[in-house]
Amino acid sequence: MKVVFMGTPDFSVPVLAKILEAGHQVGCVVTQPDKAKNRGKKIQFTPVKELAAEHGIKVLQPEKIKQDTEVLQTLKDYAPDIIVVVAYGQIIQKEILDLPKYGCVNVHASLLPKLRGASPIQHAILQGEEETGVTIMQMDVGLDTGDMLSKASLVIGDRNCQQLHDDLAELGAKLLVETLPRIEAGNISPEKQDDSLSSYAGMISKQDGKIDFHKSPIEIQQQIRAFDPWPGAFCNYGDVVMKIWSAEPVAEKTSKAPGTIICVSDNGVDTACGDGQVLRITEIQMPGKKRVSVKDYLRGNKIEIDSLFE
């Protein structure tokens, strides 16, 4: 098939790689503009642009695709059979959606209609979902509301966001290249989304990482995993911001106020949470330092019992 690929971050890369591996003709790639790195001294290509450059594929980087008539004309001239969109990062206008023979399809990192929106991977962990997956969707003008063409799922287990991100990217790549021939052959029956079952995963901000110890240990553990590596779950310890990278609920009860440190050992920092439950923190990071186990941190530092995480 003649393909145009639209995508930007690491999540998009395995999908483009699989499309190329499967022998499809990728006429051009549309990705977000390059960004300055290291205070503007060096320009950083998007991950998708890097892969496209390796394969000698034409790259288009409109600041605002809706206003870029040159990009639109380039797409019309190429006349793709299909446009594949994976985490591109801009809203695509109807004129482009309607351009290819088979329209535009999107690889979305959730089992739609659950978790439409920008951060389905984080929210799947945050909400304690047992499974998630990828959906290949026929794009329309709504936000992740198009008809579903295929799905694949996996059990989340104890994965953090980075691990789940990587596994879903590979799963989505495999599913897409399995789905493309079926689209071309016309043997897919698109399935409408049930809007009554939909949920929305909005943008994540740095402040979302702030831990509230009034929550249960399981909820806090989910928050830690959901925001690893970004923005990181954090709390205040004295006058410093401490990031927490690993923790687990323990079968103990306490009468101490939420956030109170009740035990410190090489095993971790046992901390009071909501309803008298206890969370054991096992991996931390202080400002300007690397992630370390609590055991390693305690070799040259102290964490005081009865002090507070806030």
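Which residue forms a salt bridge with D270? In this predicted model, for which local features need pLDDT of at least 70 and side-chain atom pairs count only at pLDDT 80 or more, totals for chains, interfaces and linings use all residues. Residues are numbered from 1 along each chain as its sequence is written, and side-chain values use heavy atoms, with hydrogens and water left out.

The partner of D270 is R280, with the closest N and O atoms 2.7 Å apart. A salt bridge is defined here as a side-chain nitrogen of Lys or Arg within 4 Å of a carboxyl oxygen of Asp or Glu. D270 belongs to strand β15 (residues 268-272) and R280 to strand β16 (residues 277-285), 10 residues apart; helices (H or I, at least four residues) and strands (E, at least two) are DSSP runs numbered from the N terminus. D270 is buried, with a relative accessible area of 2%, and R280 also counts as buried, at 19%. Buried denotes under 20% relative accessible area, exposed over 50%, and partly exposed the range in between (1.4 Å probe, protein chains only). E252 joins D270 and R280 in a network of salt bridges.

The count of salt bridges comes to 14. One of them is formed by the side chains of K114 and E129, at 3.0 Å from N to O. This pair links distant parts of the chain, since K114 lies in the loop between β7 (104-108) and β8 (116-117) and E129 in the loop between α5 (120-126) and β9 (131-138), 15 residues apart. K114 is partly exposed, at 39% relative accessible area, and E129 is partly exposed at 21%. A salt bridge is also found between D167 and R159, at 2.7 Å from N to O. D167 is partly exposed at 32%, as R159 is at 22%.

Aromatic pairs number 2. Rings of Phe, Tyr and Trp (its six-membered ring) pair if their centres lie within 6.5 Å; planes under 30 degrees apart count as stacked, over 60 as edge-to-face and the rest as tilted. The ring centres of F213 and F309 are 6.0 Å apart and the planes lie at 25°, so the pair is stacked. F213 is in the loop between β11 (200-201) and α7 (217-226), while F309 is in the segment after α8 (294-297), so the contact ties together parts 96 residues apart in sequence. F213 is buried at 4% relative accessibility, and F309 is buried at 3%. The rings of Y237 and F309 have centres 5.4 Å apart and planes at 65°, so this pair is edge-to-face. Y237 lies in strand β12 (residues 233-237) and F309 in the segment after α8, so the pair ties together parts 72 residues apart in sequence. F213, Y237 and F309 form one aromatic cluster.

Charges over rings were also identified, the criterion being NZ of Lys or CZ of Arg within 6 Å of the ring centre and within 35 degrees of the ring normal. The charged end of K49 sits over the ring of F45, 4.0 Å from its centre. R291 lies over the face of W245, 3.6 Å from the ring centre.
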